[in-house]
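Dear colleague,

Please find below the structure that I am handing over to you. My notes on it follow directly after.

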Amino acid sequence: IFQFMYDPNIQKLVEKMSKSLSLNTFYCIMILVYIIVIVVFICLIWLFYRILYGILMRRLQKNFNELQKIDF
């Protein structure tokens, strides 16, 4: 919101695009782009988490199995 309100580059872009598109259409497109970027970023974080979690769980399972062998 602040970027739309105070960034002079965005204001110039809005003025350029308002000549060819309606203002509402431009804002809808920008919001859609922001949502897509946020979703991609969240998916990358989730993927990193799953990879890290999988690696750690395999190591923990391996250590747990070794401890069970020692116990019996």
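Is K62 buried or exposed? With a relative accessible area of 55%, K62 is exposed, because exposed means over 50%, buried under 20% and partly exposed in between (1.4 Å probe, protein chains only).

Some notes on provenance come before the remaining findings. This is a predicted model, in which local features need pLDDT of at least 70 and side-chain atom pairs count only at pLDDT 80 or more, while totals for chains, interfaces and linings use all residues. Residues are numbered from 1 along each chain as its sequence is written, and side-chain values use heavy atoms, with hydrogens and water left out.

Confidence

The chain has an average pLDDT of 89, and 100% of its residues score at least 70; pLDDT is the predictor's confidence in each residue, from 0 to 100. Confidence is lowest in helix α1 (residues 2-6), with a mean of 78, and highest in helix α3 (residues 23-71), with 92. Helices here are DSSP runs (H or I, at least four residues), numbered from the N terminus.

Core and helix packing

The largest nonpolar core consists of 5 residues, namely F4, I10, V14, F26 and M30. The elements giving two or more residues to this core are α2 (8-20) and α3. Such a core is a set of buried Ala, Val, Leu, Ile, Met, Phe, Trp, Tyr and Cys residues joined through side-chain atoms within 4.5 Å.

The axes of α2 and α3 are 9 Å apart, and the two helices pack at an angle of about 125 degrees. Axes are lines fitted to C-alpha atoms over the stretch in contact, and angles run from 0 to 180 degrees between N-to-C directions. The two helices α2 and α3 are therefore oblique to each other, a class that takes the angles left over once those under 35 degrees (roughly parallel), over 145 (roughly antiparallel) and 65 to 115 (roughly perpendicular) are set aside. On the α2 side, L13, V14, M17 and S18 make the contact, and on the α3 side L23, F26 and Y27 do so; contact means heavy atoms within 4.5 Å. Leaving out residues up to four places away in sequence, V14 touches L23, F26 and Y27.

Positions along α3

K62 lies in helix α3, and its C-alpha is 54 Å from that of F26, 36 residues away in sequence. E66 is also found in α3 and is partly exposed, at 41% relative accessibility. Between the C-alpha atoms of E66 and F41, 25 residues apart along the chain, the separation is 38 Å.

Yours sincerely
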